[in-house]
Amino acid sequence: MRRTRERGVRRAVMAVLAALGLVLTAGAVTAPAHADTTICEQYGTTTIQGGKYHVQNNNWGDDTRQCVNVTGLGFSVTEASHDRPTDGAPGSYPSIFAGCHRAQCTSGSGLPMRISDGRFNGIQTSVHMTYPSGGVYNAAYDIWLDPAPRTDGQNTGAEIMVWLNRVGPIQPIGSRVGTVSLAGASWEVWYGNVGWNVISYVRTLATTSIDFTVRTFVDDAVNRGHVQRSWYLTSVQAGFQPWVGQTGLAVNNFSYGIIGGGSCSATGTLSYGGNNIYAVDPISVTNTGPSTISGWTVTVTLPAGHSLIGSWGATVTTSGQTVTARNLSYNGSLAPGASVGFGFQAVRPPGVPQWPSGYTCVAS
């Protein structure tokens with residue numbers, strides 16, 4: 001059953017806490033960095049891989065005991081006996097994350113990072129999970145965004161949840177607003193607001209693993225008007241929200257990284273055509289880094305109602321209003337300071353003088 005404000009103040013508070021996913025108090029316990037550590041403290045945490053990732057027990061929504069065993073690659077739930085009402089909040093969110101959340105920051109994540117930063121397009125993450133039989137739970141990513149480069153406190157922009165599995169009569173916050181095909185699968189899309197936007201993507205067929213670029217879901221949320229490109233990605237988390245049970249849940253392997261060590265920039269020049277057709281030509285791609293890059297990817301969002309009708313000098317694809325252009329075989333290699341151009345043609349609604357803006361570039 002849906003967790004909505006209409007269920008009363010108590011239920012509304014529970015829904016807010018459910019969306020939060022991580023509630024740390026002044027009594028949080030941080031364990032030293034090593035693998036195969038068992039954490040039973042309510043808000044206990046530890047680091048793995050030299051601080052690259054944090055693992056958190058985060059038993060925030062229940063007063064029963066929960067323990068996780070932390071390995072060098074992830075964690076498993078070794079003890080849990082949650083029995084929460086399925087129309088309310090879950091019992092906990094044991095998870096692993098990269099980035100900054102509630103005054104804890106991992107090393108080398110590059111986060112917080114503005115979505116419009118060219119490096120954002122190269123953020124990649126993957127997870128492989130184990131699901132036991134029984135229980136009521138979801139297996140979900142939590143992707144946090146904020147209008148500011150926040151490293152502590154509650155994010156106030158948006159929370160994107162990516163549900164890989166759903167067991168039992170549970171549903172995301174808010175209401176279902178559609179379906180979408182992303183990351184090679186079909187997803188239900190849910191939207192609600194609990195002081196920040198909560199956009200949940202529920203996979204129609206459960207899976208134990210996924211490998212995707214974070215922008216895949218962020219771009220869709222931007223296109224739906226729930227996320228702004230001026231906001232910052234603060235953390236990427238993967239774990240479980242159990243309502244009933246559930247020992248045996250495990251993240252076997254979690255990864256986070258930024259593809260491409262170089263940097264580049266892109267600027268577009270607008271030119272006009274007839275019958276509401278216009279061209280952006282050239283779009284100049286410049287290597288802004290100290291070493292030669294072997295490839296580049298440029299993205300830009302078309303205003304609502306605009307559609308692409310042609311392109312040159314790049315391999316161009318569209319997803320909703322997002323245009324993605326990748327170099328061809330002959331124009332991807334750029335020495336430091338060197339530039340190359342490409343362009344595209346689009347059509348716009350009559351009498352709507354809006355134009356593409358905010359070009360981003362990521363080097364490979």
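Q: How much accessible surface does the chain have, and what share belongs to carbon and sulfur atoms?
A: The accessible surface comes to about 14000 Å². Carbon and sulfur atoms account for 51% of that area. The areas come from the Shrake-Rupley method with a 1.4 Å probe, and for residues only the protein chains shown count as cover. The model is predicted, so local features need pLDDT of at least 70 and side-chain atom pairs count only at pLDDT 80 or more, while totals for chains, interfaces and linings use all residues. Residues are numbered from 1 along each chain as its sequence is written, and side-chain values use heavy atoms, with hydrogens and water left out.

Q: What share of the residues in the chain is buried?
A: Of the 364 residues, 51% are buried. Buried means under 20% relative accessible area, exposed means over 50%, and partly exposed lies in between (1.4 Å probe, protein chains only).

Q: What does histidine 306 touch, not counting residues up to four places away in sequence?
A: Histidine 306 touches Tyr278, Gln321, Val347, Arg348, Pro349, Val352 and Gln354. Contact means heavy atoms within 4.5 Å.

Q: What makes the pairing of histidine 306 with tyrosine 278 a polar contact?
A: The two side chains come to 2.8 Å. A polar contact is a pair of N or O atoms within 3.5 Å; within protein, one must be able to donate a hydrogen and the other to accept it, and residues adjacent in sequence count only if both atoms are side-chain atoms. The value of 2.8 Å is within that limit, so the pair is a polar contact. The backbone oxygen of glutamine 354 lies 3.4 Å from a polar atom of the histidine 306 side chain.

Q: What makes arginine 215 and aspartate 219 a salt bridge?
A: Their side chains meet at 2.3 Å, N to O. A salt bridge needs a side-chain nitrogen of Lys or Arg within 4 Å of a carboxyl oxygen of Asp or Glu, so this pair qualifies. Both residues lie in helix H2 (residues 215–223), four residues apart, about one turn of the helix.

Q: Are arginine 215 and aspartate 219 buried or exposed?
A: Arginine 215 has 9% relative accessibility and counts as buried. Aspartate 219 has 8% and is buried.

Q: How many salt bridges does the structure hold?
A: The structure holds eight. One of them joins aspartate 220 to arginine 224 at 2.6 Å. Arg166, Arg176 and Glu188 are linked in a network.

Q: What is the strand order of the open sheet of six strands?
A: The order is E1-E4-E5-E18-E10-E16, with antiparallel pairing. Strands are DSSP runs of E, at least two residues long; helices are runs of H or I, at least four; both are numbered from the N terminus.

Q: Which are the edge strands, and why?
A: Strands E1 (37–39) and E16 (209–213) are the edges. Each pairs on one side only, which means at least two DSSP bridges to a neighbour on that side.

Q: How do you know that E10 and E16 pair?
A: Five bridges join strand E10 (residues 123–130) to E16. At least two are needed, so the strands pair. Valine 127 has isoleucine 210 in E16 as its bridge partner.
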